[in-house]
Structure formats: structure tokens, C-alpha cells
Amino acid sequence: MAWNEPGNKGKDPWGNKNGNDKGPPDLDEVFRNLSKRFGGGKGGGSGAGVSSFGLIIVLGIALVVWGLSGFYTVKEAEKGVALRFGEYIGEVEPGLQWKATFIDQVFPVNVSTVRSIPASGSMLTADENVVLVELDVQYRVVDAYRFLFSAVDANESLREATDSALRYVVGHNKMDDILTTGRDQIRRDTWEEVERIIEPYDLGINIVDVNFLPARPPEEVKDAFDDAISAQEDEQRFIREAEAYARAIEPKARGQVQRMEQQANAYKEREILEARGKVASFELLLPEYKAAPEVTRERLYLDAMQSVMKDTNKVLVDAKSSGNMMYLPLDKLMQGTQSDSKPRKVSSNSSMSPTNEIIGQNSMPLDSRPSRSDRTRQGRN
């Protein structure tokens, strides 16, 4: 019920018992009324004791709430940066920790996760070509306090440093190297340049790796560059195949050379020894030749003929016995002697000499044949 409605008997919430609206009461009077209610006035001693006990309870509850609000947890992969009234006081290890609320502040920072910052754009090369380059920098936080407070935003600072380093390196290399064989060198150069740029800022980070993604030429010349890259890859493949072939052939060639050298040395030694043996034989024969030249010459001739004729097939034909020439199957005889190394008897009346002599089938031994004069006398008779 509103205070000015009928039935309210004119009660005024501001203490105006007569119902006359004289405006809001004085603030000093309001505070005095509050102090009287909480024992601040000149009341009895029991009221003051009750009010003090209530104040202590309120303060105790507030203290408990304040103490409980100070508990917090730092995760396993994080480290906390503790500040007291804005001043750095140290790092907080993972686990359940406590801080003074409204006095200390703790900022957790993940120091185990590898973070990544990309960089890309169209850049001008040393040979005045435009290439589309993409790069990815991976890093890890090693100092949480420096990461938070050495720069306004460490991630943004690293991103700008990466973009600057990438443009610098690309601007000092040719387009063919960026697109083909020089990508690894560009990656290393970019890594070193980024570390050089961020070193004065002391960002508290450590670069783990730099991934230089495949660069792309402008779309207008992409087909031509694809053909060039394919040709260079074929060149490298042919080079590797040639090196593999050389590694396979070279040991064989070296072995063959070594074998030929050994054979040549063996042939040389054999010829030298044979020549020395012949010289020694002639030196031994020389005194005999001086003592008896004719006999020695005859013996040398016989020895030479024996060495020549001993392995030769021979056919002896006596053409004086008759006026007709007797034809022998010489080809058959030669084949027979070649197939059989033993002496072959042509007839029962013929005998083989030590020199493989073959006598005709109707012929007689040389020592029993009649002379021409004997045959003449037989014909006369």
C-alpha cells in the first residue's frame, strides 16, 4: 500500500508524522539513525557488545572468502608469471597455488606447446620477378615473463620480423632458385635473419623450425615454370642414374685392369725365364759345337725335325712299283688319325714307324722292295 493511499493514516516514509510533505530528510539525521541501530549511539553496554560481535563475524566471513578466492591452478604445460602490485616477483610452477587476492596477479603462459606463425605474400626477387611465397615459423616460449612484458604483443612482433626477413631473403635470390633447387638455402637464410631481427627485442621465445612452403610463380607463366621444374627434376634423376651406373662399372673395370696387369706380368716373367733357359742351353751347347761342328749341326737338325714331325700325320706312297698312280682316300685317313690318336694299320703287311707313317695297302716294306734292275730282269725273264 502506498504511503499516500487511503487507509495509510498519513504515515510518511520520511518521518513526517503530520503528513505534511516537507521533502526528503536531512542526510545527517539518516546517518545518525543508522548508527543508533548498529550501536553507535549512546545506548546501553549490551547493545554495543552485540554490535561488535556482529562486526567481527562479518570481518571473519570476509577474510575466509578472501582466502578461498586466492587458490588457483597452473596446468602442467604452463608456467605462471606472478606480479605483486604490478612488480614481477617470480615464476609459478604447475600445480595448486595460492595468491593474495587484490594484491598478487598471476598470468599463466603455455611453455610446452609449439606455436606457429604463418607469413605469405607476393614478393619481388633479385631478377625482378614476382613470386608467391608462403612460410611457417614454429617457436616455443622459453621465458614467460619476457614473452608477456618485453613487447606489447610478442606474436605480432615475431610476425612482422618474419615478414621482413622473408622479403629480405627473397629479394636477394633469383626466381629459379626460389622455385627449384634453392629452397632449402632460402629457408636457412630466413631462419638466421629472423633470429637476428628479434634478438634485440628479447621476446623470450626460441624458434624451433622454419618451413618454407613451395613457392608459386604468377598464374600467367605457371605452365612454363612447371615444365622447367620437370626438366630440372629429370636432369637430377639422370645424374643420379649415371652416378649409380658409374659406381657399378668402376669396380669391374678396376678388377679387369688389375687382372690384365697380373697376366702381363706373368707373361713377362714366363718369357724372361724361357729366354734365360734358351740362353743357358745355347751356352752349354757352344763348347760342343766348337769341338765337333758337323756332328753337333746334324744333331740339331735331327732334333728340330723330330720336334716338327712328331705331331704331324704322314702318308708314304711308293710310286716306283708301277706306272699307275694309286689314289688313296687321304681325307678318310686324315679324319681317322684325328679321331684316333693310336697308330692305325692299313694292311697286315705294313708297319707304323715312330713318326706315324702310313703305308699304302698294296705296298711292301721299304727294305723288301726290289730295285729297278731287279724288276727289269724279272720282266725279261
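View 1. Contact here means heavy atoms within 4.5 Å. Residues 343-373 also stay under 50 in pLDDT, with 37 contacts beyond four places in sequence. The chain averages a pLDDT of 76, and 69% of the residues score at least 70. This is a predicted model, in which local features need pLDDT of at least 70, side-chain atom pairs count only at pLDDT 80 or more, and totals for chains, interfaces and linings use all residues. Residues are numbered from 1 along each chain as its sequence is written, and side-chain values use heavy atoms, leaving out hydrogens and water.

**View 2. Helices α4 and α6 crossing.** Here you can follow helix α4 (residues 154-171) and helix α6 (residues 183-198), whose axes come within 8 Å and cross at roughly 135 degrees. That makes α4 oblique to α6. Angles run from 0 to 180 degrees between N-to-C directions; under 35 degrees is roughly parallel, over 145 roughly antiparallel, 65 to 115 roughly perpendicular, and the rest oblique. On the α4 side, the residues that meet α6 include Leu158, Ala161 and Tyr168, and their partners in α6 include Ile186, Glu193 and Ile198. By class, this contact of α4 with α6 has 10 nonpolar, three polar and two charged residues.

**View 3. Where α7 meets α8.** The axes of helix α7 (residues 222-291) and helix α8 (residues 293-309) come within 5 Å and cross at roughly 130 degrees. The two helices, α7 and α8, are therefore oblique to each other. Look for Leu285, Glu288, Tyr289, Lys290 and Ala291 of α7 against Pro293, Thr296, Arg297, Arg299 and Leu300 of α8.

**View 4. A pair of tryptophans.** The structure holds four aromatic pairs, with ring centres within 6.5 Å and planes under 30 degrees apart counted as stacked, over 60 as edge-to-face and the rest as tilted. In one of them, the ring centres of Trp66 and Trp98 are 5.9 Å apart and the planes lie at 85 degrees, so the pair is edge-to-face. Trp66 sits in helix α2 (residues 45-68) and Trp98 in strand β4 (residues 95-98), 32 residues apart.

Conventions:
Helices (H or I, at least four residues) and strands (E, at least two) are DSSP runs, numbered from the N terminus. Ala, Val, Leu, Ile, Met, Phe, Trp, Tyr, Cys and Pro count as nonpolar, Asp, Glu, Lys and Arg as charged, and the others, Gly among them, as polar. pLDDT is the predictor's confidence in each residue, from 0 to 100. Rings of Phe, Tyr and Trp (its six-membered ring) pair if their centres lie within 6.5 Å; planes under 30 degrees apart count as stacked, over 60 as edge-to-face and the rest as tilted.
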